[in-house]
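Please keep the structure in view while reading.

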Amino acid sequence: MRPVAAARPYLPGLALLAAGALLSQVVAGAVDGLQPLVVAVAVGALVGNTVGTPDAAEPGVGVDKLFLETGIVLLGAAVVVEEFLAAGPTVLGLVVAAVAGGLLIAELIARGLFRLDGETPSLLAAGASICGVSAVVAIGRVLEARGSAITFAAATVLLFDAVTLVAFPIAGEWLGLTGRQFGVWAGVSMFSTGPVAAAGFAHSPEAGQWATVTKLARNSLLGGVAVAYSLAYAARSATDPGVRRLWAEFPKFLLGFLAVAAIANSGLLSPAALESIGRVSDALFTLAFVGLGLSIRIREMREVGGAAVGAVLVHLLVVSALALAAVRWLL
Amino acid sequence: MVSDAAGEPGSPLADRWLALDRGWQALALGLGVVAAHAGAQAVGFF
């Protein structure tokens, strides 16, 4: 019974996260197009900025970071190596260039042009260049960023998801792109996977398939980028940047992400099992996002809001213009 | 973080778990979920 006693302090907070997650699912299920993660953040932020988190719930609410990291480990089940290879060398080259160049451009714009500092530019760069909210969360955990910084970057990415979901199909039609060109363009330029697939299929079935495959190829770079960021930040902060220190700061859950990706691609698990693992990952993210919402302080968001939105907007315009030129030239 | 626990001594298992780095905890939980799915698949659930 002693493990049960040790778990007791966490129960009120876990109950609060679970109630918020359930409410998010119910609300998102009742309104078409509403993402449960968006509602989870909103529910948490509403509670956090009105009544606040009760003292008794603090230990349990703090488990949100463990839920996030476990959710990221399970994201490995969604990595499909075959789809990455099937996208073809040209598209793979575009994806790698867009992610590497996009990260660099976003960091330069956010730090140089908009004077943002700390981890926020890296969180925005990851969200805009790899896979939206998942990347913000993964890189945020790698860098041990504050919960409010992660939530703010995630909110900025979600804002652009909504705008680009409408703007990209209209632009694709206006520019007269083929299905393949539009799909790859949306796949390398837009942020989160859901809106990319939706925008692609809004253009044409062919565009939808190319958008999805391109985006999945881009998502598969998350592990490598997380390791690179981890090493870059550890080297920057280290007084003695030896191997031991780098290992101490290395986020061990990324090994789990890679292990789960290897298991998922080994053929050991059935599609139904992989789908179920994906649902567990989604549930953990929803619980964690309620916790992230609880850490939001509206006043802090107001202080950095304009600069972050400006930085991401400039990044989006530059990357999507370059990607458009590339797909017209190469595809 | 789970390892910020109440600080009272519990069972050896709970103590060992709470002493783990959060990254290792997440890795263990994630692999545990995958192992549970593999087990469920082996008994014909999936």
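## Chain B

In this predicted model, chain B has two helices and zero strands. Of its 46 residues, 30% count as buried, and the accessible surface of chain B comes to about 2,700 Å², with 66% of that area belonging to carbon and sulfur atoms.

## A nonpolar patch on chain A

On the surface, L23(A), V27(A), V31(A) and L34(A) form a nonpolar patch, and together they have about 280 Å² of accessible area. One of these residues, L34(A), is found in the loop between helix 2 (11-30) and helix 3 (36-49) of chain A. L34(A) counts as partly exposed because its relative accessible area is 34%, a value between the limits of 20% and 50%.

## The largest cavity

A search of the whole structure finds two cavities of 30 Å³ or more. The largest holds about 40 Å³ of space, and its lining includes P121(A), L124(A) and H315(A). Helix 7 (88-113), helix 8 (120-131) and helix 18 (298-330) of chain A each give two or more residues to this lining, and helix 8 provides the largest share, with four residues. By type, the lining residues of the largest cavity divide into eight nonpolar, one polar and no charged.

## The second largest cavity

The second largest cavity contains about 30 Å³ of space, and among the residues that line it are S129(A), R218(A) and H315(A). Two or more lining residues come from each of helix 7, helix 8, helix 11 (179-189) and helix 18 of chain A. The lining of this second cavity divides into five nonpolar, three polar and one charged residue.

How values were computed
Residues numbered from 1 in each chain as written. Chains lettered and ligands numbered in written order. Predicted model: local features only at pLDDT ≥ 70, side-chain atom pairs only at ≥ 80, totals over all residues. Heavy atoms only, no water. Buried < 20%, exposed > 50% of the residue type's maximum accessible area, 1.4 Å probe, protein only. Areas by Shrake-Rupley, 256 points an atom, 1.4 Å probe, with all protein chains shown as cover. Patch = residues over 30% accessible without salt bridge, like charges linked within 9 Å, V, L, I, M, F, W, Y side chains within 5 Å. Salt bridge = Lys/Arg side-chain N within 4 Å of Asp/Glu carboxyl O. 1 Å grid on protein atoms, 1.4 Å probe; cavity = no way out; pocket = protein on both sides within 12 Å on 5 of 7 lines; lining within 4 Å. Points joined across faces, edges and corners; volume = space filled by probe spheres on them. Nonpolar A, V, L, I, M, F, W, Y, C, P; charged D, E, K, R; others polar.
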